[in-house]
Amino acid sequence: MATVTNRADYWEKARESGFDLSWLEQLKENIQGETTNEFSENNTGRVEGSIPRGNVPQFGAYTFRTKKDIWAHNLTKLYQEFVTRQWSSATDIPWETIEPLPDDIEAAECQLATFFAQVEFVASDVPGRFISTMSPDYHEVRLVLLAQVMDESRHLDVFRKRALANGGGLMRMIDTVSDVVGGSTDNAREFTELSSRLHITGEGNVLTLFRLGELMAYNEAEKAIYRRCAQDEARHVAIGVLHLRYMNECNPERREEIHSYLDEGESRQSSGAGGENPAARNVLTSEALAVLLGGGKDKTDEGQKILMAIRQRQTKEYFQRLKSAGFDDRITNGRVNPALLEVYNPN
Amino acid sequence: MSTPETPEENPSAGQEPESTETESQDSSPERLTWMHDTLEWGVKARPGKHGLTMRDINVGIYGDVPEESRDMSRKPRGAFPVPGVPRTDLYTLNHKVELWADNAVDLYEEAIQRRWMAHIDIPWETLGGSIGDTLEPLPEEVELATRQFCTELAQQASIETDVIGQWLHHMNYAYHEVKTFLATELFDSGRHYSAFRQRALANGGRLGLESPGHINRRLLESRAGWTETALYLYVLRGTLTLLLYRYGEAYSHNPAEKQLFRRCMQDKARHMAYGMAHLKYAIDEKGPDYALGLRRLMGGVERDLAAEMKDPVLWEALAIYIAGSVDHMAEGMAEVKNLQRRYMEEYLTRMKWIGVDKTADNLDQGLAVYLGQRESSPA
């Protein structure tokens, strides 16, 4: 190996040959910190910790440049889990186990699959839009969001495959826009608002349903779909819980604002407005679920009983998320939507 | 399922629900009428030797890709429409010609089949230099050069993330094959960013200088259309990125770097396959006037690229990486010049293949000089 002295000679010789090498000195002296800055000065798309140049235009113009607006702890670990648990809808689902089903059951499966094929990509487009507005200094947030986009694409794909794999077809589209009071997931321009609505409420409800997939699956393929999707969805919900937990700890002045997002989310969860909660009352998908859970179109009474229990489970898990994030005071102080309390404790 | 830092570690999946209290049946007068709401029934897509792929389910009406979609909801292609559904968004890419490539559907599945994990599939322990490691660490200047090289590649990946992120949600749902493929590219770009950053920071290292930014700026500020952006992202930037990966692999100093570049090369080749197919399709469909417009568009961009290529940082770092020392840097630079020449040659070849009349004669003079560079090369 070269000694320090003859290395210096090499460098000098290289400079004499016309090489610049000033960047080598800059690298040796780089003292860019490893702690994430509270405010990001990075508007040039540079990698966090790299050495800025003074002459680069500020073309990044990122909307989100403040850590406390988007941050959460433990995201690196969560991202690694995203990467590790990727799966293939083509080869990891035992499609060969699907057998012909009665028409009413197949129609209900296809209706539910149509719903998921439609709404799952909401959770793809919207986080995707946010990624490019966040400073690369907060790359941990960007990474989990882009991993979520990947997951949601696979969900769109796997449910479309289910609808077209067993003698059925796609069915009626879902109206996800009508009757939404307040802000919608699509229209959110602020990350905490988006995350409260998308991760905590919307995906939380879907997660409960995926976890109970055994109840509505009629073969191993469907069980595998719900099981895999539940794993994915739990990570998406985790993004929201970790973010709200951070906000509660580090940004308590925004608690009231966050509660207002939860107010809106609960209203939609209980009323079914916007069609995002497939198990909500009197929505198209809850009928399909009742058919699947009951075992046929003539057994929807039994299905509705199970569906009611599913709503209770959704509420319990939602309350658990609130507790984990530090927003469970609303459960006891009278702020939580009364309809949810009624579902939670029907007696 | 293990998401230890979440409150979701008690899923109880498959349990019977706790409550069995009854609820009155839905009272909607249209109860169960949806059971007949389908445009095509009886579809039974069969898995092939690669499982049940997205191409396998493109059967009947579900495989009909419209030339234009004015649907502003997220209606899945082929789903039963509901009258009077309000718009969800104002999608701006509503024509097949603006984003389509026939191979996107297969590339989506390939991306998933060829997924890899930087923290597991790269033998990081072969980098050397860690405590108790018997492997020799790289000479300081080679290590610094590698960090600079990887900083540049991490930034290229991060910009790719931004570019796709800002276009994906503008794409109409009728073209879900493209949207899902681009989601895989987004995921790949995150992995590349993370892996190259990890390499740069290995053994307690620090990152290098940021990119000069001329082409990054072009990529992020491109607003004329996805096709125009794709021209920048794939033909202009992607051609260089792929070459850098190739040279990175050819001159790697240890199995970790070799594996890293090899994996990234596979991914980037897939991205290029979509980009090239889309550009060719768009130009074939839109005709020579559009192709001429793209050629003229590249005039200013090429001047920016020529300015960026004069910046010595990446090239000198690569020269040291290739040569394995500053002492032999001149030999490394000879190989860098070959890379630069190949970059311009491949740029012209790709432009010609997609249907743009870009030749050495109308290439920016600042770039044309690289075409004359020819050095004896072991690569």
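Predicted model: local features only at pLDDT ≥ 70, side-chain atom pairs only at ≥ 80, totals over all residues.
**Exercise 1.** Describe the secondary structure of chain B, and state what share of its residues is buried.

*Solution.* Begin with the count of elements: chain B has eleven helices and zero strands. Read from the N terminus, its elements therefore run α-α-α-α-α-α-α-α-α-α-α. Turning to burial, 51% of the 379 residues in chain B are buried. As for the contacts in chain B between residues at least 6 apart in sequence, 75% of them join residues at least 24 apart.

**Exercise 2.** Determine how helix H6 (residues 226–250) of chain B packs on helix H8 (residues 288–309) of chain B, and which residues meet there.

*Solution.* Two packed helices are described by the angle between their axes and the distance between the axes. For this pair the angle is about 50°, and the axes lie 11 Å apart. Because of this angle, H6(B) is oblique to H8(B), and the crossing of the two helices is right-handed. From H6(B), the residues B:Glu228, B:Leu231, B:Tyr232 and B:Leu236 meet B:Leu294, B:Leu297, B:Val301 and B:Leu305 of H8(B). Sorted by class, the contact of H6(B) with H8(B) consists of seven nonpolar, no polar and one charged residues.

**Exercise 3.** Decide whether A:Gly182 is buried, partly exposed or exposed, and locate it in chain A.

*Solution.* Locate the residue to start with: A:Gly182 sits in the loop between helix H7 (139–163) and helix H8 (191–211) of chain A.

**Exercise 4.** Work out how helix H6 (residues 122–131) of chain A is covered, and which helices its buried residues pack against.

*Solution.* Ten of the ten residues of this helix are buried, among them A:Val122, A:Asp125, A:Arg129 and A:Phe130. Within chain A, the buried residues of H6(A) pack against helix H5 (103–119), H7, H8 and helix H10 (220–250). Their partners in chain B are helix H3 (140–168) and helix H4 (176–201).

**Exercise 5.** Describe the side of chain B that touches chain A.

*Solution.* Take the totals to begin with: 105 residues of chain B are in contact with 114 residues of chain A. The elements that give two or more residues to this side of chain B include helix H1 (104–113), H3, H4 and helix H10 (329–354). H3(B) gives the most, with 14 residues. By class, this side of chain B has 44 nonpolar, 35 polar and 26 charged residues.

Technical notes
Residues numbered from 1 in each chain as written. Chains lettered and ligands numbered in written order. Helix = DSSP H or I, 4+ residues; strand = E, 2+ residues; numbered from the N terminus. Buried ≥ 20, exposed ≤ 12 C-beta atoms within 10 Å, placed from the backbone. Contact = placed C-beta atoms within 7 Å. Axes fitted to C-alpha atoms, helices over the stretch in contact; angles between N-to-C directions. Parallel < 35°, antiparallel > 145°, perpendicular 65-115°, else oblique. Left-handed = near helix turned anticlockwise from the far one by under 90°. Nonpolar A, V, L, I, M, F, W, Y, C, P; charged D, E, K, R; others polar.
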